[in-house]
Structures are given as structure tokens and as C-alpha cells.
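The structure is shown first.

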Amino acid sequence: MEKDYQSTARECLDFIAGSVSAYHAVENVEKALKKNDFRELLEEEDWDLHKGGSYYVKRNASSILAFRIPEEEIKGFHIMASHSDSPCFKVKPGSCMDVEGSYKKLDVEPYGGMIHATWLDRCLSVAGRIVYRKDGKLVSKTVNVDEDLLVMPNLAIHMNREMNKNLSYNPQTDLQPLIRAARREPDGEDILLEKVASWAEVDREQILGKDLFLYVREKGRLAGAEKELVVSPRLDDLQCVFGSLKGFLKAGSGRHIAVCAVFDNEEVGSLTRQGAASTFLKDTLERTLEALKACGHAYDYRRLLAGSFMISADNAQGVHPNYTQKADPVNRPYLNQGIVIKYHAGQKYTTDAYSEAVMRDICREAGVCCQTYSNRSDIPGGSTLGNLCAGQVPVSCVDIGLAQLAMHSAVETAGAMDIVDLVRAAAVFFGQ
């Protein structure tokens with residue numbers, strides 16, 4: 001019989017399998033919200049909001065904010081943020097390159113800090129969005145070329161006998177995927193655009209713009225002696241997107257406006273109009289209060305911020321069984337041992353004494369374990385969403401995540417049991 005954590009983990013893996021780009025991740029979040037009677041708001045229109053209402057708003061089709069307004073007097077905002085993007089390769093304009101009249105390969109460049117070698121010798125494809133003209137208007141549409149389309153072949157070891165000794169890859173010369181090896185090439189054919197147009201069910205000539213990314217074709221799966229591991233592409237950070245959203249939809253109404261935020265472009269610094277450092281969250285919170293004021297419910301924005309709290313949810317580095325020396329001597333998170341609270345003296349993670357205490361209290365109420373992460377003092381760590389959001393919306397914040405291995409690999413590993421813990425903690429937080 002399947003255990004509870006396995007059922008939740010399979011649900012998470014199904015969500016990730018359908019979220020082959022940031023655009024698809026947001027589309028899948030939107031589908032779940034609509035199923036639960038959330039109403040879409042458009043930034044270019046006036047907002048008509050009411051207490052007890054459930055709403056969401058998108059920006060760039062790759063970031064989404066969902067929020068639920070309490071019936072009772074509002075005490076502040078409870079915000080949980082994660083990100084929709086993952087390290088991958090982005091297709092450049094022009095895309096196809098000829099190789100000696102016998103091969104075609106795509107011109108791509110790295111998006112975010114990935115482990116290059118993990119992308120080689122795997123079946124790949126492309127997904128993202130296109131913008132095309134329809135009835136005199138520009139229309140955006142997600143597209144997934146759902147077939148084994150590409151491969152980045154390694155060089156044979158016979159041609160580089162040193163390749164197992166600290167090999168590095170040049171992204172421009174070594175990491176361009178093969179799309180065709182044919183005897184004859186039709187004149188003027190853009191192979192990729194033909195494929196994209198076909199899968200999007202639009203005429204090739206209609207397509208005016210595209211944001212396309214490579215993705216790994218293999219689906220995530222459960223592994224381990226007790227099927228307690230999840231092995232999947234894009235666990236960072238779709239595992240937290242899934243857990244946050246499921247907890248958000250499961251939670252009852254509390255005294256705070258519950259906000260489930262999913263931002264794009266975290267992997268490249270968040271400095272975009274839809275990133276965590278943008279005004280997207282601030283604009284949404286301010287407009288929410290303005291709309292409530294219009295229907296007779298006036299609140300002071302700054303006073304509510306003072307009574308608000310944010311959880312920045314982005315996966316954490318777990319102790320690696322083959323590289324235990326790489327972890328901090330004391331703060332050593334393991335897979336399937338609970339939510340990880342993250343710390344950094346330079347405030348790349350926002351956790352302080354107060355926000356740590358709040359998070360520990362949430363975990364206690366949810367009946368889940370928590371553990372701590374801090375990078376070794378001689379190894380620089382990464383940054384995430386919390387401190388960037390705080391530049392626009394200054395609220396108390398804690399940085400958390402789920403422990404994982406092989407972060408930024410094409411396929412990553414994490415704990416199946418931890419997903420349940422995140423859902424439970426998110427449900428408690430959003431219900432307060």
C-alpha cells in the first residue's frame with residue numbers, strides 16, 4: 001500500500017512534469033486556483049475586491065500572486081514566496097546553425113548557474129511561450145514541443161583522454177544541442193520554428209516573438225529503499241511552489257491576507273519587472289487595500305506591513321553522503337528530516353532571531369520537524385527571494401527550503417517526506 005508521503009510526492013512530481021518552463025508552472029498554478037474559485041485580476045483594469053474574496057494576478061505570464069481576503073478585521077499580510085524558474089539553456093534569436101552541411105544545431109546560452117555536464121547525452125526539448133498576431137492583436141501562448149527533439153552529445157573519450165580529469169565545458173562551443181543529422185536540408189527551413197508552430201497550432205508566419213528554453217525530457221520518479229526520495233528535474237524550486245500552493249489551498253481563512261507568491265527570474269538575480277526585486281508584490285498589496293477602501297474598508301498600508309510576515313521558500317543544500325566535508329560542521333540538514341531554516345551573516349538569507357522563532361512556532365503547530373542550514377564560512381552561498389522582496393515590501397521574513405542534493409543539476413534529488421511537512425506548515429501559516 002502506498003504511504004501518504006508517496007502519494008503527495010507523486011502529486012508533486014506530476015506538477016513538475018507539467019511545468020516544463022516558468023510559463024507552464026504559472027499556467028498550472030493558475031489552473032489549480034481556478035478550480036478553487038479564485039478570480040483573475042488584470043493589472044491594466046480597475047479591481048473590484050471584497051472581504052472573503054479569493055483572487056490572483058499575473059505578470060509576464062511567468063509570475064503569479066494569489067491572495068485570499070479574510071472576512072474579519074485584517075491584521076496584516078502573510079506572504080509565502082517561491083520561484084517558477086530553474087537553471088537551463090535559453091534559445092537565442094536565429095536559433096539554428098549549420099555544421100558542414102550535414103548537421104543542424106541550436107544556438108543556446110546558459111540561463112542561471114547550472115551544472116553543465118548533467119545536460120549532456122540526455123533527450124531534450126524546448127518549451128516556453130510565443131507571441132503571435134491574431135485578429136489584429138498580439139497574443140501570448142505557452143508551447144511545449146512534446147517530443148524527444150534534441151541531444152548534446154559528449155565528445156568520445158578516445159578524442160579527449162583527459163575528460164575525466166577536471167573537464168570544463170565552453171557554453172558556446174561544447175553545449176549547443178543537435179537537432180538534425182540529415183542527408184538533405186530543405187532550403188530556407190527553420191526546423192525549430194516549424195516544430196514550435198506545429199505544436200502551438202499556429203502558422204509559422206504569425207509568430208513574432210518567442211522565449212524558448214531547453215528542458216530535460218525524463219520525468220521525475222520516486223526512488224530509495226522506501227521510495228522516500230524524489231529524483232526529478234526542476235526540484236529547485238518547483239518543489240516549494242507545489243508545497244506552498246497546496247498548503248495555501250488547504251488552509252482555512254485567518255486574520256491576515258494570505259498571499260501565495262511565485263516569482264520568475266530568481267536564477268538570474270530577480271531584477272526584472274516580474275522578479276522578486278520588482279514592484280509586483282508591492283503594487284498588488286497596495287492595490288488590494290485601495291480596492292477594499294473603495295468598498296468601505298479603509299486600512300493603513302504601513303501599519304499592516306508592520307503586522308505582516310513573509311516566508312521565502314527556496315530549496316536548501318542538504319549534506320551530501322559523498323562530500324560530508326562540504327557542509328558546515330554544525331548546521332547540517334538531511335533529506336527527510338524536516339523543513340530547513342536558512343541563515344547567513346551577510347543577509348543573503350533574511351532569517352533573524354524573531355523570524356526564526358516565528359517559523360519554529362509554525363512548525364510546532366503543524367507538527368513537523370525543522371533543521372538549520374548555514375554554508376561553511378569559507379564557501380560562499382547563494383541568494384534567494386526574501387532579501388530582494390524586502391527592498392520593496394519591508395516585512396519580517398524567514399528563509400526556508402527543503403533539503404536537496406545536486407542542486408542546479410539537470411536532475412536533482414530531494415526527500416519525499418519533506419514535501420508533506422512543507423504543505424502542513426504552509427497550511428498553518430496561511431490560516432493564521
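## Spaces and helix packing

In this predicted model, the second largest cavity is lined by Arg 68, Ile 69, Pro 70, Ser 253, Gly 254, His 256, Ala 258 and Phe 430. By class, this lining comprises 4 nonpolar, 3 polar and 1 charged residues. The space inside the second largest cavity amounts to about 30 Å³. Across the whole structure, 2 cavities of 30 Å³ or more are found.

The largest pocket holds about 820 Å³ of space. Its lining consists of 38 residues, and those nearest the centre of the pocket are Gln 317, Tyr 373, Pro 380, Gly 382 and Met 407. Strand S15 (316–317) and strand S19 (403–405) are the elements that contribute two or more residues to this lining. The classes present in the lining of the largest pocket are 13 nonpolar, 17 polar and 8 charged residues.

The two spaces are set out below.

| Space | Volume | Lining by class |
|---|---|---|
| Second largest cavity | about 30 Å³ | 4 nonpolar, 3 polar, 1 charged |
| Largest pocket | about 820 Å³ | 13 nonpolar, 17 polar, 8 charged |

Helix H2 (residues 22–35) packs with helix H4 (residues 235–250) at an angle of about 10°, and their axes lie 11 Å apart. Because of this angle, H2 is roughly parallel to H4. The crossing of the pair H2 and H4 is right-handed. From H2, the contact involves Ala 25, Val 29, Ala 32 and Leu 33, while H4 supplies Leu 238, Val 241, Leu 245, Phe 248 and Leu 249. The contact of H2 with H4 has 9 nonpolar residues, with no polar and no charged ones.

Key
Residues are numbered from 1 along each chain as its sequence is written. This is a predicted model: local features need pLDDT of at least 70, side-chain atom pairs count only at pLDDT 80 or more; totals for chains, interfaces and linings use all residues. Side-chain values use heavy atoms; hydrogens and water are left out. On a 1 Å grid over the protein atoms alone, a cavity is a set of points where a 1.4 Å probe fits but cannot get out, and a pocket is an open set with protein on both sides within 12 Å along at least five of seven lines; lining residues have an atom within 4 Å of a point. Grid points are joined across faces, edges and corners, and a volume is the space filled by probe spheres set on the points. Ala, Val, Leu, Ile, Met, Phe, Trp, Tyr, Cys and Pro count as nonpolar, Asp, Glu, Lys and Arg as charged, and the others, Gly among them, as polar. Axes are lines fitted to C-alpha atoms, for helices over the stretch in contact, and angles run from 0 to 180 degrees between N-to-C directions. Helices (H or I, at least four residues) and strands (E, at least two) are DSSP runs, numbered from the N terminus. Angles under 35 degrees count as roughly parallel, over 145 as roughly antiparallel, 65 to 115 as roughly perpendicular and the rest as oblique. A crossing is left-handed if the near helix is turned anticlockwise from the far one by less than a right angle, and right-handed if clockwise. Contact means heavy atoms within 4.5 Å.
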